[in-house]
Amino acid sequence: GTETSLRSSPLALRQLGVVSLPTGAPQQPARTTPLPLAPRPSAQPTPAAVQPMSFSWQGPAQAKVGDRFTLTLSTQTAESVRNLELQLGFDPVALKAVDAVEGTFLKQQNIPSTFTRDINQPSGQIALELAGSGEQGARGSGSVAAITFEVLAASARSEISVVRVAPAGASSETLSYAPPGAHSVTLSP
């Protein structure tokens, strides 16, 4: 029978050729650079740091007594904003706040929004409230409001500043923000 015989031949090494090395100076081993190890994936990915809502001013740095000028307050955020309350401060002796109008930020994608303003000239305060009607809120960048001032008196440095900021997200949660610096205007006679 075939049950007791091996079906394959035994393993044998055969000589295939001769390898020769040149004689003389010893050969230097080839340099090898180890491959960098790929980082191990962690069990939970680290969430990306969310940048706080930031603000910036656009407007002139100089104006004359009797002139009117407009300052625009803009914002940029990665988080959805549904409501935004701001309080601005200015020098009521040097400037008269004539008007404040809503910017484009909360009106993104043609979603209706409400805008209320309260100008208190004697105290030099402007209260602004913006509320979006969309469920998602607005994100990205855009103008928040444009404020028009009339120059009443000369001043070497008159500042318009954001005194208070209260942004709220789509679920009414408080959002982090970086308040803007004051906008300085030189008011000449």
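## A five-stranded sheet

In what order do the 5 strands of the open sheet with mixed pairing stand? The order is β5-β8-β3-β1-β10. Its edge strands, each pairing on one side only, are β5 (95–102) and β10 (177–178). Two terms need their cut-offs here: strands pair if DSSP finds at least two bridges between them, and strands themselves are DSSP runs of E with at least two residues, numbered from the N terminus.

Before going further, please keep in mind that this is a predicted model, in which local features need pLDDT of at least 70 and side-chain atom pairs count only at pLDDT 80 or more, while totals for chains, interfaces and linings use all residues. Residues are numbered from 1 along each chain as its sequence is written, and side-chain values use heavy atoms, with hydrogens and water left out.

## S80 in strand β3

Strand β3 spans residues 68–81 and includes S80. Is S80 buried or exposed? S80 counts as buried because its relative accessibility is 12%; the cut-offs are under 20% relative accessible area for buried, over 50% for exposed and partly exposed in between, with a 1.4 Å probe and protein chains only.

The side chain of S80 makes a polar contact of 2.7 Å with that of R139. Such a contact is a pair of N or O atoms within 3.5 Å; within protein, one must be able to donate a hydrogen and the other to accept it, and residues adjacent in sequence count only if both atoms are side-chain atoms. Setting aside residues up to four places away in sequence, S80 also touches Q136, G137, A138, A168, G169, A170 and L175, as well as R139. Contact here means heavy atoms within 4.5 Å.

## A six-stranded sheet

Another open sheet has 6 strands in the order β2-β11-β9-β4-β7-β6, and its pairing is mixed. Here the edge strands are β2 (62–64) and β6 (113–120), each with pairing on one side only.

Parallel pairing links β2 with β11 over 3 bridges, and Q62 stands opposite T186 of β11.

## S188 in strand β11

S188 belongs to β11, which covers residues 183–188. With 27% relative accessibility, S188 counts as partly exposed. Beyond its neighbours within four places in sequence, S188 contacts A63, K64, V65 and A154. The C-alpha atom of S188 is 9.7 Å from that of R157, a residue 31 places apart along the chain.

How values were computed
Helices (H or I, at least four residues) and strands (E, at least two) are DSSP runs, numbered from the N terminus.
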